[in-house]
Amino acid sequence: MRIVRTVAEMRASRPQGGTVGLVPTMGALHAGHEALLQAARAECDCVVMSLFVNEAQFASGEDFARYPRDEERDARIAEAAGVDILFAPPADELYPPGFRTWVEPNEEGLEAEFRPGHFRGVATICLKLFNIVRPQRVYFGQKDAQQVHVVLRMLRDLNLDIDLRTLPTVRDADGLAFSSRNALLTPEERELALALPRALQTGDPALARELLDGLDVDYVAIADFEQRVLAGAIRIGSTRLIDNVPLEGETR
Ligand code: PAF
């Protein structure tokens, strides 16, 4: 596995022929990322994983500073999963002085309501990564269903010829969806967090809200993304968790 830090190196390392698959990540890899990497490995000639904690998608006061970071561990996992190129640039490589052009997805509701500016940061970094890596396929997890929705619409609206593959949410044995932020939970907080998947599994917003009674709930709502989901977001201490459960149809 080659580790590259600059846009120029990334462009020079990209093979000219074959299918290039990109798995964009912010690191702190878990089983959900590994499933994306495995799918990319099975379907592409060259697998690129980006590792970049994108400050632009964190609002002020959010957890950018405490977001878990361990590049050595991430590199070991990526290599074991068969990644060919790990693109891990420093922030000023992607946002150099003078940077001021943004993608505005105009998304509303749920995460867009509770994290103003979040999807602007996500869409901008995704478009930048897509332009730098030039993948034919990109891999995203269904856990971030609204993110998938926003990126798919950007691909369509901006005429990007990229196939977005969505992989089902991977859950731990206790039902908690794998998330980089789970690492921030104390054992007691993790116990409380289990209420979220249990509530969403009911498929019923009213019942789900009852099961979450006493917790700090941002929202529980049915959302029509690429499929209909029951989505929820809760705060446990200073950690915010999101999850969703498909209500009908198949994951694309
Ligand atoms: O889902 C994530 O980890 C991030 O939002 C992404 C897609 C890597 C963009 O920073």
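1. The second largest cavity has a volume of about 60 Å³. A cavity here is a set of points on a 1 Å grid over the protein atoms alone, where a 1.4 Å probe fits but cannot get out. Points are joined across faces, edges and corners, and the volume is the space filled by probe spheres set on them. By this rule there are two cavities of 30 Å³ or more.

2. Basis of the note: this is a predicted model, in which local features need pLDDT of at least 70, side-chain atom pairs count only at pLDDT 80 or more, and totals for chains, interfaces and linings use all residues. Numbering runs from 1 along each chain as its sequence is written, and side-chain values use heavy atoms, with hydrogens and water left out.

3. Lining of the second largest cavity: Lys-143, Leu-176, Ala-177, Ser-179, Asn-182, Leu-196, Pro-197, Leu-241, Ile-242 and Asp-243. Lining residues have an atom within 4 Å of a point. Two elements, α9 (195–201) and β9 (239–246), each give two or more residues. β9 gives the most, with three. Helices (H or I, at least four residues) and strands (E, at least two) are DSSP runs, numbered from the N terminus.

4. By class, this lining has six nonpolar, two polar and two charged residues. Nonpolar covers Ala, Val, Leu, Ile, Met, Phe, Trp, Tyr, Cys and Pro; charged covers Asp, Glu, Lys and Arg; the others, Gly among them, are polar.

5. β9 also belongs to an open sheet of three strands, order β7-β8-β9, with antiparallel pairing. Its edge strands are β7 (216–224) and β9, each pairing on one side only. Neighbouring strands are turned by 15° against each other on average, direction ignored. The axes are lines fitted to C-alpha atoms, and angles run from 0 to 180 degrees between N-to-C directions.

6. Strand β8 (residues 228–236) is joined to β9 by eight bridges. Strands count as paired if DSSP finds at least two bridges between them. Ala-231 has Asn-244 of β9 as its bridge partner, and Ile-236 stands opposite Thr-239.

7. β9 is mostly covered, with seven of its eight residues buried. Buried means under 20% relative accessible area (1.4 Å probe, protein chains only).

8. Helix α7 (residues 145–157) is mostly covered too: 11 of its 13 residues are buried. Among them are His-149, Arg-153 and Met-154. At 1.5 Å a residue, α7 should span 18 Å, and its end C-alpha atoms are 18 Å apart, which agrees. The expected span is 1.5 Å times one less than the number of residues.

Terms used: 1 Å grid on protein atoms, 1.4 Å probe; cavity = no way out; pocket = protein on both sides within 12 Å on 5 of 7 lines; lining within 4 Å. Buried < 20%, exposed > 50% of the residue type's maximum accessible area, 1.4 Å probe, protein only.
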